[in-house]
Amino acid sequence: MNTITWILTGALAVIFTLSGIAKSTMSRDRLIASGQTGIAPFPMPVVRIVALCELLAVVGLIAPWLTDTARYLTPLAAVGLGIVMIGAAVSHSSLREPKGTAAAVTFLVLCAFVAASRFADL
């Protein structure tokens, strides 16, 4: 189970690192053109704050468990990313984008699995 949790944690870390970097560096038009259409209803300062939260959560997903320091931060980071995914699912749903909604729900489920697994290990 620990191996599966680490694999999913790594996958989430890669996904949210790429998303966070894109949202923190690209313009609104470029983000939408690259497929991040869920940002459309939000002002860019909100998008930039979400990007920062995603990048901080990536550190929280890996560093505490890897260093065995403040391990409770890992499941909390997964919960935080899950909350971001709830917002993404709502945004994509309101834009009538079933593929975007399905992707956000999938990532939400992965976040929930990592959070539940790490909480159980505490």
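Mentor: Let us begin with a term. Helices are DSSP runs of at least four residues, numbered from the N terminus. Please bear in mind that this is a predicted model. Just after H3, Asp-68 takes a positive phi of about 60 degrees.

Trainee: Is Ala-70 buried, exposed or partly exposed?

Mentor: A residue is buried under 20% relative accessible area and exposed over 50%, and partly exposed in between. Ala-70 has a relative accessibility of 28%, and therefore counts as partly exposed. Ser-93, which is placed in helix H4, is partly exposed because its relative accessible area is 43%. Ser-117, in helix H5, counts as buried because its relative accessibility is 9%.

Trainee: Which residues does Ser-117 touch, leaving aside those up to four places away in sequence?

Mentor: Ser-117 touches Met-1 and Thr-5. Thr-5 is itself one of the buried residues of H1.

Trainee: How is the length of a helix checked, and what is found for H1?

Mentor: One compares an expected span with the distance between the end C-alpha atoms. Helix H1 covers residues 2–25, and its 24 residues should span 34 Å at 1.5 Å a residue; the end C-alpha atoms are 34 Å apart, so the two values agree. H3 also has 24 residues, and its reach of 34 Å from first C-alpha to last is close to the 34 Å expected.

Trainee: How should I read the pattern of buried residues along a helix?

Mentor: An α-helix has 3.6 residues a turn, so residues three or four places apart point the same way. In H1, the buried residues include Thr-5, Thr-9, Leu-12, Ala-13 and Phe-16. The buried residues of H1 pack against helix H2 (28–33), helix H3 (44–67), helix H4 (73–94) and helix H5 (98–121). In H3, the buried residues include Val-47, Ala-51, Glu-54, Ala-57, Val-58 and Leu-61. The buried residues of H3 pack against H1, H2, H4 and H5.

Trainee: How is a pair of aromatic rings described, and how many aromatic pairs does the structure hold?

Mentor: Such a pair is described by the distance of the centres and the angle of the planes. The structure holds 0 aromatic pairs. Rings may instead be examined for a charge above them. The charged end of Arg-71 sits over the ring of Trp-65, 3.8 Å from its centre. Trp-65 is among the buried residues of H3. Likewise, the charged end of Arg-118 sits over the ring of Trp-6, 5.0 Å from its centre.

Trainee: How much space lies in the largest pocket, and which residues lie nearest its centre?

Mentor: Rolling a probe the size of a water molecule over the atoms shows where empty space is left. Here the largest pocket holds about 530 Å³ of space. Its lining consists of 26 residues, and Lys-23, Gln-36, Met-85, Ala-88 and His-92 lie nearest its centre. The elements giving two or more residues to this lining are H1, H3, H4 and H5. H4 provides the largest share, 7 residues.

Definitions and conventions
Residues are numbered from 1 along each chain as its sequence is written. This is a predicted model: local features need pLDDT of at least 70, side-chain atom pairs count only at pLDDT 80 or more; totals for chains, interfaces and linings use all residues. Side-chain values use heavy atoms; hydrogens and water are left out. The expected span of a helix is 1.5 Å times one less than its number of residues. Buried means under 20% relative accessible area, exposed over 50%, partly exposed in between (1.4 Å probe, protein chains only). Contact means heavy atoms within 4.5 Å. Rings of Phe, Tyr and Trp (its six-membered ring) pair if their centres lie within 6.5 Å; planes under 30 degrees apart count as stacked, over 60 as edge-to-face and the rest as tilted. A charge sits over a ring if NZ of Lys or CZ of Arg is within 6 Å of the ring centre and within 35 degrees of the ring normal. On a 1 Å grid over the protein atoms alone, a cavity is a set of points where a 1.4 Å probe fits but cannot get out, and a pocket is an open set with protein on both sides within 12 Å along at least five of seven lines; lining residues have an atom within 4 Å of a point. Grid points are joined across faces, edges and corners, and a volume is the space filled by probe spheres set on the points.
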